[in-house]
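I opened the model and kept notes as I went. The entries below follow the order of my look-ups.

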Amino acid sequence: MCAIATQIIYIIFSLLHITITLSAIKKMNRKERLVYSRKKAKLSQKSLAKKIDVSQPYISAIEKTGKFSYEQACVLAKALGVDENWLFFDIDSLENKTKA
């Protein structure tokens, strides 16, 4: 009986941890999602810039301001392996999966 209770408590705490983690991800603003995605992809600003044929100062600027068009979000998302709607709008943030 005690082992079952321990397993139930472990499952509850695991679910709470997942929920808290996902909540933190969902609350990121556009610029934070961009930086998070770039770092998760293990790319520097310079390497991302080269990958999408823009300058490193441009990447720095959009990471600081979060100001970029939806069309640019599509290009960035493809390079970073994330969903463009999540990157730009934070839509489906709980289902943000790396694209194949």
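**Conventions.** I am working with a predicted model, in which local features need pLDDT of at least 70, side-chain atom pairs count only at pLDDT 80 or more, and totals for chains, interfaces and linings use all residues. Residues are numbered from 1 along each chain as its sequence is written, and side-chain values use heavy atoms, with hydrogens and water left out.

**Fold.** I took helices (H or I, at least four residues) and strands (E, at least two) as DSSP runs, numbered from the N terminus. I found six helices and zero strands in the protein. The pattern along the sequence reads α-α-α-α-α-α. I looked up burial next, where buried means under 20% relative accessible area, exposed over 50%, and partly exposed in between (1.4 Å probe, protein chains only). Of the 100 residues in the protein, 31% are buried. For contacts I used heavy atoms within 4.5 Å. Among contacts between residues at least 6 apart in sequence, 44% join residues at least 24 apart.

**Surface total.** Areas come from the Shrake-Rupley method with a 1.4 Å probe; for residues, only the protein chains shown count as cover. I noted an accessible surface of about 7,000 Å², with 63% of this belonging to carbon and sulfur atoms.

**Core.** A nonpolar core is a set of buried Ala, Val, Leu, Ile, Met, Phe, Trp, Tyr and Cys residues joined through side-chain atoms within 4.5 Å. The largest one has 18 residues, and Leu 34, Leu 48, Ile 59, Phe 68, Leu 76 and Leu 87 have the most contacts inside it. Two or more residues of this core come from each of α3, α4, α5 and α6. The largest share, five residues, is from α5. I then listed the contacts of Ile 59, leaving aside neighbours within four places in sequence: Gln 45, Leu 48, Ala 49, Ile 52, Val 54 and Leu 76.

**Helix α5.** I asked which residues of α5 (residues 70–80) are buried, and got Gln 72, Ala 73, Leu 76, Ala 77, Ala 79 and Leu 80. They span an arc of only 160 degrees around the axis, so they sit on the same side of α5; the arc is that of the directions from the helix axis to the C-beta atoms. Exposed Glu 71 and Lys 78 are on the face turned away from the buried side. The cover over the buried residues includes α2, α3 (45–52), α4 and α6 (84–89). Gly 81 follows α5 with a positive phi, near 75 degrees.

I checked Ala 73 separately: its relative accessible area is 0%. Beyond four places in sequence, Ala 73 contacts Phe 68, Glu 84, Leu 87 and Phe 88. Ala 73 and Leu 34 are 39 residues apart in sequence and 9.1 Å apart C-alpha to C-alpha.

**Charged pair.** I searched for salt bridges (a side-chain nitrogen of Lys or Arg within 4 Å of a carboxyl oxygen of Asp or Glu). The count is one. Arg 38 pairs with Glu 63, the closest N and O atoms being 2.5 Å apart. Arg 38 lies in helix α2 (residues 30–40) and Glu 63 in helix α4 (residues 56–65), so the pair ties together parts 25 residues apart in sequence. Arg 38 is buried at 9% relative accessibility, and Glu 63 is buried at 9%.

**Patch.** Patches use residues with over 30% relative accessible area and no salt bridge: like charges are joined within 9 Å, nonpolar side chains (Val, Leu, Ile, Met, Phe, Trp, Tyr) within 5 Å. Ile 4, Ile 8 and Ile 12 make a nonpolar one of about 270 Å². Ile 12 is in helix α1 (residues 2–26) and is partly exposed at 46%.
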